[in-house]
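Here is a friendly walk through some strand pairings and ring contacts. Have the viewer open as you read.

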Amino acid sequence: MVRLSGAVGADMSWDTTSPIDSLRGALYLSGLRFVLPSYSLGLTARDTLVLPMSQGRLLLHDVALYASGKQPLLLNGSVVLLGQQPSIDIRLDAQNVSLLQGRHAPGALLYGKALLSGSVGLAGPFSALNLSGALTLRGGSSLYYIYKDASLASNNKLNDVVTFVAFSSGPTDVVPSKQSRSIGGFSMNLNVTIDPTVQLDVLL
């Protein structure tokens, strides 16, 4: 379940003799917080966000969202809301962002420390969005995933859950797939690199 909290205000003007996309002004978001408890993720806007509206577009410029560290996620781009087909064109940039809350909370399936860098774009009409970019899970990350599946037999817990690979000879060169994946109108072409020192534990 996703939790969203905060306050919204607006200052808009519109000439009723003009098309609706001539609406101009700004949205004001204060105390904005987005929480995904199952994955120990919480994002907060520490300052009041001012999002200008022009020609039916909501504009985002260096919108900073903070997780558990000092470095923010930065959002830039626009969202078309009025006068045209609703669409989005937003880029998210991260530079050594500490994304997760370290301690386990009741009900959380994933917790630990995730240091993330990279850039991801989300673009297209709402009915056919495309997610693309590259992310790196950096060294110093340590993640714990609680695997809940009642169908696992006691003598077969690790089958199909995790595969152990020896990295004694160093990192293996992997050629990333260029093929996009489509999920019911949503396509994704995302390259994820995991530093070989990252620790990932699966708790059964």
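## A hairpin and its neighbour

Gly83 takes a positive phi near 80° in the hairpin of β6 and β7, where 6 residues lie between the strands. Strands here are DSSP runs of E with at least two residues, numbered from the N terminus. This is a predicted model, in which local features need pLDDT of at least 70, side-chain atom pairs count only at pLDDT 80 or more, and totals for chains, interfaces and linings use all residues. Residues are numbered from 1 along each chain as its sequence is written, and side-chain values use heavy atoms, leaving out hydrogens and water.

β6 (residues 73-80) and β7 (residues 87-98) run antiparallel, joined by 7 bridges; two strands pair if DSSP finds at least two bridges between them. Ser78 has Asp89 in β7 as its bridge partner. β7 also pairs with β9 (residues 115-125), again antiparallel, over 10 bridges, and there Leu92 stands opposite Val120 in β9.

## Aromatic pairs

The structure holds 2 aromatic pairs (ring centres of Phe, Tyr or the six-membered ring of Trp within 6.5 Å; planes under 30 degrees apart are stacked, over 60 edge-to-face, the rest tilted). Tyr111 and Tyr144 are stacked, at 5.3 Å centre to centre with 20° between the planes. This pair links distant parts of the chain, with Tyr111 in β8 and Tyr144 in β11, 33 residues apart.

Tyr145 and Tyr147 form an edge-to-face pair, 6.4 Å centre to centre and 70° between the planes.

## A charge over a ring

Arg46 lies over the face of Tyr66, 3.8 Å from the ring centre (the cut-offs are NZ of Lys or CZ of Arg within 6 Å of the centre and within 35 degrees of the ring normal).

Key
Helices (H or I, at least four residues) and strands (E, at least two) are DSSP runs, numbered from the N terminus.
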